[in-house]
Amino acid sequence: MDVLNLSIGGPDYLDLPFVEKVWELTANNIIMVSAIGNDGPLYGTLNNPADQSDVIGVGGIDYNNHIASFSSRGMTTWELPHGYGRVKPDVVAYSRDIMGSKISTGCKTLSGTSVASPVVAGVVCLLVSVIPQDKRKSILNPASMKQALIEGASKLLGPNIYEQGAGKLDLWQSYEILKNYQPRASIFPNMLDFTECPYFWPFCRQPLYAGAMPVVFNATILNGMGVIGYVKDPPVWQPSEDVGNLLSVHFTYSDTIWPWTGYLALHMQVKGEGSQFSGIINGNVTLLIYSPAAQGESSPRSSTCVLYLKIMVVPTPVRSRRILWDQFHNIKYPSGYVPRDSLNVHNDILDWHGDHLHTNFHILFNMLRDAGYYIETLGSPLTCFDASNYGTLLMVDLEDEYFSEEIQKLRDDVVHKGLGLAVFAEWYHVDTMVKMTFFDENTRSWWTPITGGANIPALNELLAPFGIALGDKILSGDFSINGEQSHYASGTDIVQFPAGGFLHSFELHENSKTAQDSSTPDTQNSQSQEKRKLSSILGMTEAGEGRIAVYGDSNCLDSSHMVTNCYWLLRKIVEFAGNGVRDPVLFSEAAQLKFPVFENIQQPLRRPDVNFSLYSTVTGKELICHKDSRFEVWGTKGYGIQPAGTTRKLPEYQESEVSSTPNLTIKASENRQDEAAGLQKTNSTPSANKFYDKRDYFGFISHEEVDIGMLVASQWMVPCFAATTCLMVYLSCRAQQKRCRRRKGSATGRLTSLV
């Protein structure tokens, strides 16, 4: 057998028995073709095994050369959260209204990538047949066939690389390539032109600039020389002009290229001296691949691969226009059973689309770019970014835990660095999670959710220093803010919020008890008749120099199962968090809290029956900055981390020059006078003076030793203390007056008796 087609697949790329069997087949020179799936137009929906680099993944188009709406889109999600996905599909072929035979008799039309995949498998068989039989074993293999298909494909106008891959299948061009083929290695894609839109979306939508997180592109190495290969020397970045030296490129790549394929990830970062540069940087990356000698050959095979780069660079944007997306604290399926965010969706029980800016949040990414914002991705802990560079940290639909150092640093970043924090949460209800348990026939085991739509207990620990907490209600319904219609789908409520903040409440259905039974007619009727209750779901407040906004639902940002988007709300939240702009409706006097909100209920608890460390990148793990963070903190714990027990306030960040040398540790400041001057300068603003005055209510002398929880409590404890004192004085005076009246009355009685 030379060619195998699989018109099947699923999202579990960690099903090792199946994945390893595919590797075994391709390693034995069987060319495998597979459909990428029919979960489009959503991104991050590739099916396995089509998402494997040793398999030819096929997407679908219609007869007008448009990407079929049902065709799944890339990128691959194996590499998340620390890296970036590979390009898939490899090629696209006709997949709508394809004529085929019925099982009984006659013909019928079929649609789907499952019919596009056999078309490509047939093309592969034709290409195999035209190669002389005595040369087939030396020329044809899964890598060489993929090289012929992607290099011969015709690029379509309109779709991006994660929709069409190399383009539309072209039988003749692929034949021309194979006709004179000599075993070699290559890179797909072989050119990265970040000025070409929309093909190189999302990279063409946002230029590079100094001070940003590295832009990561994950290319695929195809080794047609042998089933196993090696990178002889580290890849080399060679700029075409001197200005290209402003770009620093680091690499991560496969130590061993097997079977037939590997990866080459480029981590691109503009150096500090390029902060004002605007223009194009050109150059190429070269690497040498070698494989063991083939049968009858005396020396190893080698091939030089070249990847061309063309990158747009702009001056570093102002802080208020820069947003950082937290990817690190996302947990996806596989391997953990992370349930869907919207409990109203019953045909897709798993959260498996990656929750990345360029997968199921790609529309959000485009919206923010259209609004003039620059969005970067953080796949490492919160200690691995410098808050002074960003206006807003955007935390959406997060399921993981947090290191204690992250909680401490975020508090410092918001209070002292002026970082804006925007949190979009999700539902969390233990009883509902238990009801979602099911028996999986494939693994012969019981599956139970490891968390809810979001990890509310962990988020509450993160937000506790600011006096904010979320509950365990599951709320749904429609509401309106100033004419903007919104849908709240399986969100949670806010149960604790500090005085002075702005809290918005709406009448919504509470579905905590019936969330898993809503598909039955009786339950649907009971839900429709259920009385809507007033629930707090949106809050905004200031904390020191920074600002915080919390919303209890993220479905309105997620393209997967969105009913109504809330991009208008996100824009207003980002304007407030990053630039202090207050929308008159969201910050109306009626919404401002005179006293803190504190519902006397037990906050959501973690599930004790789930071993969360099996799926978490935090629990039981070491805090370390991965290779998607700034080069200077690779392999370290991040910015400003000190040994425990020295001081509760993290030291000031250092302005460090961009370095091309990894594993550079940032030293803490030794100039205490500079820190004191900086603190004095910070306190010169009215909001800062108000903030630090509140701390002095408790007699704290050292500003570095203040706990933000005490500070938030002071907003209501001090007025309560004053009111209690006044009440006690008043009662004491009343008691004294009564005693005086009694004495006067008794004295009058004695005088009367004497008379």
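The backbone oxygen of Ala50 lies 2.9 Å from a polar atom of the Lys88 side chain. This is a predicted model, where local features need pLDDT of at least 70 and side-chain atom pairs count only at pLDDT 80 or more, while totals for chains, interfaces and linings use all residues. Residues are numbered from 1 along each chain as its sequence is written, and side-chain values use heavy atoms, with hydrogens and water left out.

**Around Lys88**
- Lys88 sits in the loop that links β3 (56-61) and β4 (91-94).
- Lys88 counts as buried because its relative accessibility is 1% (buried means under 20% relative accessible area, exposed over 50%, partly exposed in between, with a 1.4 Å probe and protein chains only).
- The side chains of Lys88 and Asp90 make a polar contact at 2.7 Å.
- Beyond four places in sequence, the contacts of Lys88 (heavy atoms within 4.5 Å) include Leu46, Asp51, Gly74, Lys146 and Tyr162.

**Helix α15**
- Leu727 belongs to helix α15, which spans residues 708-754.
- Leu727 counts as partly exposed because its relative accessibility is 48%.
- Together with Tyr730 and Leu731, Leu727 forms a nonpolar surface patch with about 320 Å² of accessible area.

**Confidence**
- Mean pLDDT (the predictor's confidence in each residue, from 0 to 100) is 86 for the protein, with 84% of residues at 70 or more.
- Residues 518-529 stay under 50 in pLDDT, and the model gives them 12 contacts beyond four places in sequence.

Key
Helices (H or I, at least four residues) and strands (E, at least two) are DSSP runs, numbered from the N terminus. A polar contact is a pair of N or O atoms within 3.5 Å; within protein, one must be able to donate a hydrogen and the other to accept it, and residues adjacent in sequence count only if both atoms are side-chain atoms. Patches are made of residues with over 30% relative accessible area and no salt bridge: like charges are joined within 9 Å, nonpolar side chains (Val, Leu, Ile, Met, Phe, Trp, Tyr) within 5 Å. Accessible areas come from the Shrake-Rupley method with a 1.4 Å probe; for residues, only the protein chains shown count as cover. A salt bridge is a side-chain nitrogen of Lys or Arg within 4 Å of a carboxyl oxygen of Asp or Glu.
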